[in-house]
Amino acid sequence: MSDPGKSSASASSAATTTATPAPGSDTYKGWLFKWTNYLKGYQRRWFVLSNGLLSYYRTQAEMAHTCRGTINLATAHIDTEDACNIVLSSGGRTYHLKASTEVERQKWVTALELAKAKAIRMMNDQSGNGLPMSFPTHSHSDDSGEEEPTSRSDRSELQGALKTLASKLDDLCTCNELIAKHGAALQRSLSELEALRVPLEGSEKIKAVNERATLFRITSNAMINACRDFLELAESHSRRWQRVLQHEREQRTHLEETIEQLAKQHNSLERAWREAPTHSTNTPDTPTTHTGVSERPRKEEASDEDEDTEYFDAMEDSPAFITVTAADPSQHRRSQSNQSGASGGQPSDWNLEDHSSPSYNDLSGREVQPRRKRRTRIPDKPNYSLNLWSIMKNCIGKELSKIPMPVNFNEPLSMLQRLTEDLEYSELLDKAARCENSLEQMCLVAAFSVSSYSTTVHRTAKPFNPLLGETYELDRLEEFGYRSLCEQVSHHPPAAAHHVMSQRGWTLWQEITIASKFRGKYLSIMPLGAIHLQFHASGNHYVWRKVTSTVHNIIVGKLWIDQSGDIDIVNHRTKETCQLKFSPYSYFSREVPRKVTGVVADSEGQAHYILSGTWDERMESAKIVQSSRGSSGAEGKQKTVYQTLSPRLLWKKYPLPENAENMYYFSSLALTLNEEEVSVSLTDSRLRPDQRLMEEGRWDEANTEKQRLEEKQRAVRRRREADASNAVDEEFEVDSESGREYEGYQPLWFHQRMDPLTGETSFVYKGGYWEAKERRDWSMCPDIF
């Protein structure tokens with residue numbers, strides 16, 4: 001390790017070191033400064049001393065997933081250099097640490113010495129009990145988050161396995177000592193043999209050498225056999241524990257699903273019991289005035305107010321929501337009726353007022369007419385291993401689109417197809433188009449904007465970067481009433497234009513530019529550009545933007561994706577708004593993971609609906625019936641409390657297809673996106689050869705083809721840049737051959753126009769694609785594949 005002596009003295013004053021023992025345990029935690037190198041000097045790190053091990057992390061949050069280093073105090077040497085420095089060394093590894101004050105340094109030194117003495121005692125005790133030295137026993141602590149085996153039989157079985165492994169390890173140690181002993185004797189014999197000159201003595205020595213060699217060979221064979229036994233035993237136990245763990249996980253998942261079903265059934269039965277007497281004796285507009293039996297339902301409904309009314313804190317103050325019932329049961333029923341089913345609800349009461357409207361996600365509407373049978377599976381993903389860090393370590397700080405990577409990190413879909421996946425729940429827009437109330441329509445639009453992220457929860461693979469001029473069409477006119485077209489309109493920065501026209505009353509268009517940065521531990525993906533949605537009948541025009549996606553554990557651990565940020569949806573015709581907040585995941589938070597909350601307000605800022613749910617599962621809406629100023633929050637701000645009706649389901653995620661984990665976790669729609677179609681454009685993503693080879697499992701050929709396509713694209717770009725340079729050299733910047741002004745690359749199906757709502761220049765559909773498909777005339781398409 002580099003000498004930290006020349007490090008800046010300001011490290012000790014940069015922050016206050018707080019070292020505190022955990023209550024009732026030997027754990028000691030706190031901030032210390034650790035020497036890194038001459039460039040960075042001392043860096044502030046979070047240290048945890050527990051069970052004779054000193055571990056450190058960059059932040060306290062990293063304790064949940066990433067340990068930066070650990071040193072065993074049982075074999076460590078503790079030294080102090082000056083008033084604030086501590087030096088720990090063990091097995092060639094040395095930590096130079098610095099406390100903020102001399103008092104803090106002394107606290108740490110005392111804790112380290114006590115932990116070292118205890119670790120040595122534990123090591124001696126384990127050695128006396130036959131436990132291996134290299135298997136330190138970790139006691140349960142509040143920070144570990146792990147549970148000890150609850151049954152005595154499990155503990156005894158685990159102890160027996162450890163003792164058996166320790167015994168085999170002792171055998172290996174004994175064999176190692178014998179090999180060293182006999183090897184030294186053999187070496188001495190050989191040395192004596194070389195010094196001999198008398199033939200008689202030479203024969204005796206040669207005999208002794210042979211005996212030594214025989215003993216050495218026997219001992220070596222014994223050690224090899226012991227190693228084999230040890231390995232087989234460890235593997236058998238490992239497989240057994242894996243099976244046990246998998247069984248426990250399945251049992252836990254099954255139990256959670258069962259409890260969830262029971263809770264739903266209980267809720268439905270309770271609600272049916274409460275509402276059935278009222279429906280049988282009264283109409284919604286006639287209050288109950290009878291005595292006796294008819295009085296009791298009124299009493300039960302009145303008590304229901306304290307159980308089902310919901311109070312939502314205003315979004316700007318707190319994301320926490322508290323739920324309870326509306327004051328007037330008859331008003332409750334009338335308000336629900338006025339919603340016309342647009343605000344959703346539990347699946348059991350979605351259509352209580354409108355039996356003719358489709359259920360959530362319009363599943364019934366999708367089965368109206370027979371349609372082409374789409375594929376339901378693709379070839380399983382091959383099990384190829386590749387070290388991501390070996391590729392990414394030289395790419396820190398670069399744009400993701402400029403990093404050359406093999407297809408091993410891709411999924412067999414292009415970015416244009418991933419963009420088209422936003423239409424997975426297009427029935428939400430079909431339902432919104434039938435809404436007469438614009439606020440209810442806003443709720444469904446908000447649910448649609450959230451639903452586009454539901455397919456990303458398991459999709460950690462990277463889609464193919466589209467080639468310039470690449471297109472993708474999705475014609476679902478007969479099935480779902482829409483046609484979708486995407487085109488890659490720019491390569492650097494990468495930008496795609498998307499246009500969807502639906503016969504069911506809406507049009508959607510967007511231009512998305514992907515800005516992405518690799519930060520070493522995580523990858524940030526920032527979609528730039530606005531999404532436009534217009535309904536034909538009402539003229540309501542909605543605009544919103546996407547949130548940031550983050551891929552975590554790029555270097556170490558299992559990849560996982562999180563969505564965070566805010567979405568502001570604006571209806572530019574009515575000036576109504578919806579504010580959605582995607583809460584970032586936090587290990588220490590008690591909130592539901594992947595939580596989304598929102599408020600729908602009118603043009604004057606008056607809130608009318610509360611939205612809540614998760615971006616990977618479901619969204620619900622609750623109509624606000626009253627708002628009031630509540631008590632002050634933790635930050636001293638006065639909270640607004642919203643009294644609402646019971647929440648109703650807006651959207652729920654479809655279950656993944658069977659065997660999805662082996663098919664890149666594709667949804668049912670994603671499985672069909674790369675299915676071969678007739679009469680598509682020559683630039684369609686389905687015809688891209690490297691993507692098709694990857695889907696078929698021929699990854700080596702796909703990598704070769706990917707390199708060819710990228711080199712072809714670079715050659716075309718160089719020719720285009722050369723043409724631009726020649727045009728600049730002309731006196732009036734005209735192309736020397738065509739005699740007209742040089743315009744550079746122009747997309748085939750989209751052109752740039754100023755957006756009057758956002759004031760930005762964006763690519764919009766100019767028409768002609770579907771007409772060309774009807775004519776089957778693709779002569780205007782460039783040769784990009």
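# Close-up views: salt bridges, cores and rings

**View A. R698 is partly exposed, with a relative accessible area of 37%.** Here buried stands for under 20% relative accessible area and exposed for over 50%, with partly exposed in between (1.4 Å probe, protein chains only). The model is predicted, so local features need pLDDT of at least 70 and side-chain atom pairs count only at pLDDT 80 or more, whereas totals for chains, interfaces and linings use all residues. Residues are numbered from 1 along each chain as its sequence is written, and side-chain values use heavy atoms, with hydrogens and water left out. R698 meets E701 in a salt bridge, with 2.8 Å from N to O; the term requires a side-chain nitrogen of Lys or Arg within 4 Å of a carboxyl oxygen of Asp or Glu. E701 is likewise partly exposed, its relative accessible area being 40%.

**View B. E695 and R375 form a salt bridge in which the closest N and O atoms are 3.0 Å apart.** This pair links distant parts of the chain, 320 residues apart, since E695 belongs to helix 12 (residues 689-695) while R375 lies in the loop between helix 5 (329-338) and helix 6 (388-392). Helices (H or I, at least four residues) and strands (E, at least two) are DSSP runs numbered from the N terminus. E695 counts as buried, at 5% relative accessibility.

**View C. K712 and D783 meet through their side chains in a salt bridge of 3.3 Å, N to O.** Because K712 lies in helix 13 (residues 699-729) and D783 in the segment after helix 14 (769-775), the pair ties together parts that are 71 residues apart in sequence. K712 is partly exposed at 25% relative accessibility, whereas D783 is exposed, with a relative accessible area of 61%. The structure as a whole holds 30 salt bridges, and elsewhere a network of them links E411, R418, E421 and R459.

**View D. The largest nonpolar core has 65 residues, and those with the most contacts inside it are W506, L533, W544, I569, L580, F582 and L611.** Helix 9 (residues 438-451) supplies the largest share of this core, nine residues. A second, separate core of 20 residues includes I78, I86, L88 and A115. A core is here a set of buried Ala, Val, Leu, Ile, Met, Phe, Trp, Tyr and Cys residues joined through side-chain atoms within 4.5 Å.

**View E. A search of the whole structure finds 18 aromatic pairs.** The rings of Y453 and F582 have centres 5.4 Å apart and planes at 65°, so this pair is edge-to-face. Y453, in the loop between helix 9 and strand 12 (462-464), and F582, in strand 22 (residues 577-582), are 129 residues apart, so that the pair links distant parts of the chain. Both Y453 and F582 are buried. Rings of Phe, Tyr and Trp (its six-membered ring) pair if their centres lie within 6.5 Å, with planes under 30 degrees apart taken as stacked, over 60 as edge-to-face and the rest as tilted. K546 lies over the face of Y453, at 5.4 Å from the ring centre; for such a placement, NZ of Lys or CZ of Arg must be within 6 Å of the ring centre and within 35 degrees of the ring normal.

**View F. Ring pairs link W749, Y769, W770 and W778 into a cluster.** Within this group, Y769 counts as buried at 0% relative accessibility, and W770 is also buried, with a relative accessible area of 11%.
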